[in-house]
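Please open the model in a viewer with the selection panel at hand.

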Amino acid sequence: MVEFDDTFRQHLRELFVWRRDVRRFRADPLPDGAIDRLIETACLSPSVGLSQPWRFVIVDDAARRRAVIDDFKACNADALNSYAGERAARYATLKLSGLEQAPGHLAVFADKASDTGHGLGRATMPETTEYSVVAAITAMWLAARAEGIGLGWVSILHPDRIHAILDVPDTWKFIAYLCIGYPEVECDRPELEQAKWEQRRGAEEFTLQR
């Protein structure tokens, strides 16, 4: 049996504190096999009924990357137009993707049609398929940070267009597009908090006792 001591637990908490949603990447290439290794770690995550619904698409093709960037720019313009006044002005200053700088691009999907796991745990809560994929992404995020690699989750994208760009099965639900690379800077505070978009709240604000 493996035992984890207080020192390990403290280091683990520091890993959580220093994990960031990275938007600013250095140009340094990732080591050979780095993304494959992160995917292997992600696949150790829990999944409903051991369904393992995660599907990963490593995006290396320059034309596909450019199409994703173009879709982000269109969606980001629409998002900006949804705000007004001071909030719109602040939104316009935010850097919300590292798509053009990150050396690694990875799209993540949930396979809604897979019969792996024989449907266990999904009859009343089918959305646990997607939750399982999010858990895998979180594991990957922490594993990347432990190696000094940054990961940024880009959500300002149109799922149908990403499906078409990457030519994946219709039964795969788009969950995340991840930028992966070495961060320009490291920080223990979220970038959106530093930009005064929102502030991190304490756990007591989100906890009820019954």
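Axes here are lines fitted to C-alpha atoms, for helices over the stretch in contact, and angles run from 0 to 180 degrees between N-to-C directions. Helices (H or I, at least four residues) and strands (E, at least two) are DSSP runs, numbered from the N terminus. The model is predicted: local features need pLDDT of at least 70, side-chain atom pairs count only at pLDDT 80 or more, and totals for chains, interfaces and linings use all residues. Residues are numbered from 1 along each chain as its sequence is written, and side-chain values use heavy atoms, with hydrogens and water left out.

**Helix packing**

Select residues 62-81, helix 3, together with residues 85-93, helix 4. Their axes lie 9 Å apart and pack at an angle of about 155°. Helix 3 is therefore roughly antiparallel to helix 4 (angles under 35 degrees count as roughly parallel, over 145 as roughly antiparallel, 65 to 115 as roughly perpendicular and the rest as oblique). Display the side chains of N76, A79 and L80 on helix 3 and of A88, Y91 and A92 on helix 4, which make the contact (heavy atoms within 4.5 Å). By class, this contact has 5 nonpolar residues, 1 polar and no charged; Ala, Val, Leu, Ile, Met, Phe, Trp, Tyr, Cys and Pro count as nonpolar, Asp, Glu, Lys and Arg as charged, and the others, Gly among them, as polar.

R64, A67, V68, D71 and C75 of helix 3 meet R161, I162, I165 and L166 of helix 6. This contact divides into 6 nonpolar, no polar and 3 charged residues.

Next, select helix 1 (residues 6-18) and helix 5, whose axes come within 10 Å and cross at roughly 105°. Helix 1 is thus roughly perpendicular to helix 5. L15, F16 and W18 of helix 1 face L142, R145 and A146 of helix 5 in the contact, with 5 nonpolar, no polar and 1 charged residues.

An open sheet of 4 strands has the order 1-2-4-3 with antiparallel pairing, where two strands pair if DSSP finds at least two bridges between them. Strand 1 (54-58) and strand 3 stand at the edges with a single partner strand each, so one side of each has no neighbour in the sheet. From one strand to the next, the twist averages 30°. Between strand 2 (residues 104-111) and strand 4 (residues 172-181), which run antiparallel, there are 8 bridges. Select D111 to find its bridge partner in strand 4, W172.

**The pockets**

Finally, select D21, R23, L96, E191 and L192, which lie nearest the centre of the largest pocket among its 21 lining residues. On a 1 Å grid over the protein atoms alone, a pocket is an open set of points where a 1.4 Å probe fits, with protein on both sides within 12 Å along at least five of seven lines; lining residues have an atom within 4 Å of a point. Strand 3 (150-154) and helix 7 (191-194) each give two or more residues to this lining, and helix 7 supplies the largest share, 3 residues. The lining comprises 10 nonpolar, 2 polar and 9 charged residues.

For the second largest pocket, select R20, V22, V185, E186 and C187, the residues nearest its centre among 21 in the lining.
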